[in-house]
Each structure stands twice: as structure tokens, then as C-alpha cells.
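User: I've got a model open here and would like to talk it through with you. Can you take my questions one by one?

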Amino acid sequence: MCLAVPAKVESIEGKTAVIEFGGGKRAISIAMLPDCQIGDYVIVHAGYAISKMDEEEALEEIELWKEVMDNI
Amino acid sequence: MSKVNLERINKLRDRICAITPQGSVVLMEVCGTHTATIARSGIRQMLPKNVRLISGPGCPVCVTSAADIDLAIEFSKLPGAILTSFGDMIRVPGASASLSQARARGSDVRVVYSVYDALSIAEANPQKQVVFESVGFETTAPSVADAIMEAKARRLDNFSVLCMNKTVPEALRALLDMGEVKIDGFILPGHVSAIIGMKPYEFLPAEYGIGGVISGFEAEDVLLSVAALLKQVSGGVKKIENQYSRVVKYEGNKAAVAAMYEVFEPCDAFWRGIGLIPGSGLRIKYAYCEYDAQKRFDIKVSDSKEPPGCRCGDVLRGVIEPGECPLFGRACTPDNPVGPCMVSSEGSCGIWYKERKPA
């Protein structure tokens, strides 16, 4: 039930943002993400943005990967 | 991250084989979305034989008690009421019926995608009382808090919430205190953690000597988390690590936590399969009590019994695997579910049924 999907913020009006995902558009609440900006990728769960997503972060670059692979 | 990277998966699998210690290792995931990833991606089959992945109480629909479902059904029978709920909830049987059966008998039960949809229904139907059946963990609770604050600001007096929300860390503590299952590490829920951050799990290594890794939901994420846990188990320091750092920050989402505790306060809650867990529920604070459906309408249900023969409770505690329940695939199937774990898209039994080998 805690399923959430990443989506790109297209426009913002007050506490509502329009996001695009899967080719469609949908209005969501950004009340819990006050510093949300147009162009951000956000994680959307049950009609609201729970977190921003760092789109650039690659799996092999995170600290945990290096730790597990013993290359730090 | 959407494309499966086979090279990375192979690298991770090799690494897992190299670092897996001798003897049995049991890792528990406590998020239904992880359960689904593990089954769909064949992660169990990729691991050494002595590493077992078991599912815990990670599906909010599944841990909702039969009594709470019966309570929602009673609310749906109120004259002039609209009962709104998430889709997974409406097919879960209570003691004698489900919300979808209540709907077939004339109750106005509507499936919503979010609490905000319930708020819109209330606005569009001022002559009706709209009750939102609120289940979910910390991922969902902030939006419900926000909707209640919104209702108060807009003076929407025909909207109320039947609050059954629960919190994850207290359930992990209760599970460990029960001591029924040996658990060597937790795959921790990514989106719950996006809200609460890492700190609420720190009691796991500090008090129980068990580590945990907050994990993302792709196959590679889960494999990396398993590898990190195996490293901890084979002599590493037990700690809480964050594999899902692209989404989860150490401190979580402060605005969401603040909203949650503006409207809710902790209370004891009954979990299916586990029982009463102190401080593991959320109830609406006095300042917002006019939006508490149970205060607005005086409805109680007498003792509700769990369905006879159903072993969802044992499945939710990781004591048995779904296939070990005598009802699994026979009396209990997705088309004709007996227990909640077969109904919900995130329930272990439903997921195992879908991914099972054809007989």
C-alpha cells in the first residue's frame, strides 16, 4: 500500500502541482514538500508528493554499493 | 533505474555468494512492495540456499483487524453516509462480510485513490456525511493529517476520518519481543522511511543487535540491501543503512512528520496476527476531534472473530510461509479470499499465489 511512483512536476499552483507520469497528467498535493519546484522529480503516494528524488544518483555511486563491493 | 541491468544483478549475486556466512540467515522484509519485487524478480531463487527471505507485517490492509473492518461496515450502513476507502480494503472480509458486500446490499461505498478525493466527494455532497476509512502506515498518514487540517480550514463539517493508521517501528519491536522467529536483519520500507527517516530504527541495533537496510524497490535495490545485510551478519557492525538514498534522507520529511503529529497522537493499536501493540497506532487529537468519525457517530462493534482456519496472523509474523496455510490455494484464493493476505495486492498470500509454480 505504500506503493509510490516517481513523476516530474510540470506546474505548481499553491499547494497543488500537476505531474506527468506514464504519458498522463494528474494534480497532486505538494503540501508536504514546501520547497518543491517545477522540473523536480518527486515520489508520489496516494495523491501527494512524499519526497524529492535525486534523479542523477546512480546505484554504483552510492556509498552502500562501494561498501558492499569492498571498494572504498 | 527502470531498466533491469543484468550486469549489475550478476555482480551483486556473485558478491552475495562470496559474503554469505555459513548457517542459516533469515532476513525479513516489512513492506508489501518489497514482497512483490522479491517474488516478481525471482530474488529468492538467486540467493544461496541458507539465506531465507520472510515477509513481516508490511501490508497495512493485512494487519487491519476483522473488528476494524466490521466497524467500517457499520459506518457504511449509516443513513445518508458515503464510506470512502482505498481499493484494497473493500474486498477484505470482516467477521461476516466485506465492504464490497455491504455495497451490494445498498451501502454507498466508494473507492478513492487518495484522501483528497474523499475531501472532494464531501464538498460535492454537502447533504451527505462522508467518512474516510483511513488505513496505512507513516507513508499515508501525513496526507490524512493534511486533509483534516484542510477540512477544518474550509469548515467542511460533513467530512470525518475513521482512523486506523499504524506505525512501523513499534511493530518491529513487538515482533522481536515475541521472539517466535529468528531474524538476522530487516529490509526496511523505503517509503515509510521517506517520511520518518532513519532515526526511528536505531533501537534495532542498539537494543536488539539486529541491523536493517532501508531499501528501494527495484530488483537491484533489494539485492544490494540483501548483500549489505549479509555483510553485517558475517561479522560486520550491525547498523541501519540507507540503500534508497535517492529518495530517503536521514531526517526523513520533516514537514510531513510535523503535519502528522499536529493532527495525530500515538495510541495502542490492535494488529491482526500480533495483537495489541502499545503506541503503534495513530488517533486524532482533541483539537481536531470533530473530524474523528468515531467521536461524531457513536458506533461500536461487538467482538469480531478472525475467519476460522485462516492463518494470516502466522503469515504476518513470518512464522509460516503462505503455502503452509491449509487454506492457501484451496479454500482461499484471490477470487474467493478468506483472509486479507490473499486480497491485497501487497499481501504475501496473494503475491505467492500469483507467482506460484503451476501445479
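User: Let's begin with a pairing. Which residue of β2(A) is the bridge partner of A:Lys8?

Analyst: Keep in mind that this is a predicted model. β1(A), residues 5-13, and β2(A), residues 16-21, pair in the antiparallel sense over five bridges. Within that pairing, the partner of A:Lys8 is A:Glu20.

User: And in the hairpin of β1(A) and β2(A), which residue takes a positive phi?

Analyst: There are two residues between the strands of that hairpin. The one with a positive phi, near 60°, is A:Gly14.

User: In what order do the elements of chain A run from the N terminus on?

Analyst: Chain A has one helix and five strands. Reading from the N terminus, the order is β-β-β-β-β-α.

User: Same check for chain B: what radius of gyration does it have?

Analyst: Chain B spans about 65 × 45 × 40 Å along its principal axes, and 55% of its 359 residues count as buried. A compact globule with 359 residues would be near 21 Å, which agrees with the value for chain B, 21 Å.

User: What share of the contacts in chain B with a separation of 6 or more comes from residues 24 or more positions apart?

Analyst: For chain A, contacts between residues at least 6 apart include 29% that join residues at least 24 apart. Chain B is built from 17 helices and 11 strands. Its share is 76%.

User: How about the interface: which element of chain A gives the largest share of the side that touches chain B?

Analyst: In total, 25 residues of chain A are in contact with 41 residues of chain B. β4 (41-45), β5 (48-52) and α1 (63-68) of chain A each supply at least two residues of that side. The largest share, four residues, comes from α1(A).

User: How many residues on that side of chain A are nonpolar?

Analyst: That side divides into three classes. Four residues are polar and three are charged, while the nonpolar ones number 18.

User: Is A:Ala46 buried or exposed?

Analyst: A:Ala46 sits in the loop between β4 and β5 of chain A. Its phi is positive, near 45°, though it isn't a glycine. The cut-off for burial is 20 or more other C-beta atoms within 10 Å. A:Ala46 has 24 of them, so it is buried.

User: And B:Arg155, buried or exposed?

Analyst: B:Arg155 is in the loop between α8 (141-153) and β6 (159-163) of chain B. It has a positive phi of about 50° without being a glycine. With 6 C-beta neighbours inside 10 Å, B:Arg155 counts as exposed.

User: How far apart in space are B:Lys285 and B:Glu265, C-alpha to C-alpha?

Analyst: B:Lys285 lies in the loop between β11 (275-284) and α14 (293-296) of chain B, and counts as partly exposed because it has 15 C-beta neighbours inside 10 Å. Beyond four places in sequence, B:Lys285 is in contact with B:Val263, B:Phe264 and B:Glu265. B:Lys285 and B:Glu265 are 20 residues apart in sequence, and in space the distance is 6.0 Å.

User: Last one: how far apart are the end C-alpha atoms of α12 of chain B?

Analyst: α12(B), residues 219-233, is mostly covered, with 15 of its 15 residues buried. After α12(B) comes B:Gly235, with a positive phi near 95°. At 1.5 Å a residue, the 15 residues of α12(B) should span 21 Å, which agrees with the distance between its end C-alpha atoms, 21 Å.

Conventions
Residues numbered from 1 in each chain as written. Chains lettered and ligands numbered in written order. Predicted model: local features only at pLDDT ≥ 70, side-chain atom pairs only at ≥ 80, totals over all residues. Contact = placed C-beta atoms within 7 Å. Nonpolar A, V, L, I, M, F, W, Y, C, P; charged D, E, K, R; others polar. Expected span 1.5 Å × (residues − 1). Buried ≥ 20, exposed ≤ 12 C-beta atoms within 10 Å, placed from the backbone. Rg over C-alpha atoms; globule rule 2.2 N^0.38 Å. Pairing = 2+ DSSP bridges.
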